[in-house]
Amino acid sequence: MRPTKAVLLVSALIGGAMTADAGIPIELARQRFANSKAINLDLEAQTQMATGDLRAAARTIGEALRIDPTLWLTYFMRARLFVLQHKYESAIQDCNWVLAKYSAFVEAALLRAEANARLGRYADSLRELDHVVAIHPHLDSYARALRERAWFRSTCPDASFRNGQQAVQDAKVACKIMKWADASTIDTLAVACAEAGDFGSAMRYGEQTLSVRGITRDESRRVQQHMALFKQHRPVRS
């Protein structure tokens, strides 16, 4: 993905899958003229969302908007907050605003896909995921898009959108990109295998996920919940 003339560059660090959370940590490479105070507030809000303090995050984002109402990063942070608050329509509006300002920011497109899925707009969500995969962004975002499409195709409540075999293919490519070192990506592969009816592989990949170095307590608990379903030959549903 070629950088645009935005006031700052944002690179996503791969975090949870679509079902996990919207609080994916980001790193900032500041460019000249960036509003450092507003950016610092955005990063503070990110930390607050990660710890579950959504009220404090809302106040911090509000202050960042007061300081600089034109900084697209703040609108992205607010969209993430809206997803955590289950305000999906508002999240989509903010993602639309971000993408109008910075069309190359893949993470906003992926967040919009998640919000649409949460609203039951499965066709819109899949169309967005297909588009992100098709444009082949930088590797981290590409892996995340593949992983989220795999999760969608494995767990969508509407059976017409599920495709276990395609989900397995997407998840395996994402795992290779992430060098088999990302817990959420391997867990997604396990879930895809279950959707494809291969519960033996689902269990094996579940065990592999639990052995990933640095796996968090929440990730471990989520994987164990998935494995409990696999033992019963049951797939995961969003």
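## Leu71 and its setting

Leu71 has 2% relative accessibility and therefore counts as buried (under 20% relative accessible area, 1.4 Å probe, protein chains only). Leu71 lies in the loop between helix H2 (54-67) and H3; helices are DSSP runs of H or I with at least four residues, numbered from the N terminus. Leu71 and Lys101 are 30 residues apart in sequence, and their C-alpha atoms are 9.3 Å apart in space.

The model is predicted: local features need pLDDT of at least 70, side-chain atom pairs count only at pLDDT 80 or more, and totals for chains, interfaces and linings use all residues. Residues are numbered from 1 along each chain as its sequence is written, and side-chain values use heavy atoms, with hydrogens and water left out.

## Helices H3 and H4

The axes of H3 (residues 72-84) and H4 (residues 88-101) come within 8 Å and cross at roughly 160°; axes are lines fitted to C-alpha atoms over the stretch in contact, with angles from 0 to 180 degrees between N-to-C directions. H3 is therefore roughly antiparallel to H4 (angles over 145 degrees).

On the H3 side, the contact (heavy atoms within 4.5 Å) includes Trp72, Tyr75 and Phe76. Among the H4 residues in the contact are Tyr88, Asp94 and Lys101.

## Helix H11

The 15 residues of H11 (residues 217-231) should span 21 Å at 1.5 Å a residue, and the end C-alpha atoms are 21 Å apart, in agreement; the expected span is 1.5 Å times one less than the number of residues.

Buried residues of H11 include Glu219, Val223 and Phe230. Their cover includes helix H7 (139-155), helix H9 (183-195) and helix H10 (199-210). Just after H11, His233 has a positive phi of about 55°.

Technical notes: Helix = DSSP H or I, 4+ residues; strand = E, 2+ residues; numbered from the N terminus. Parallel < 35°, antiparallel > 145°, perpendicular 65-115°, else oblique. Buried < 20%, exposed > 50% of the residue type's maximum accessible area, 1.4 Å probe, protein only.
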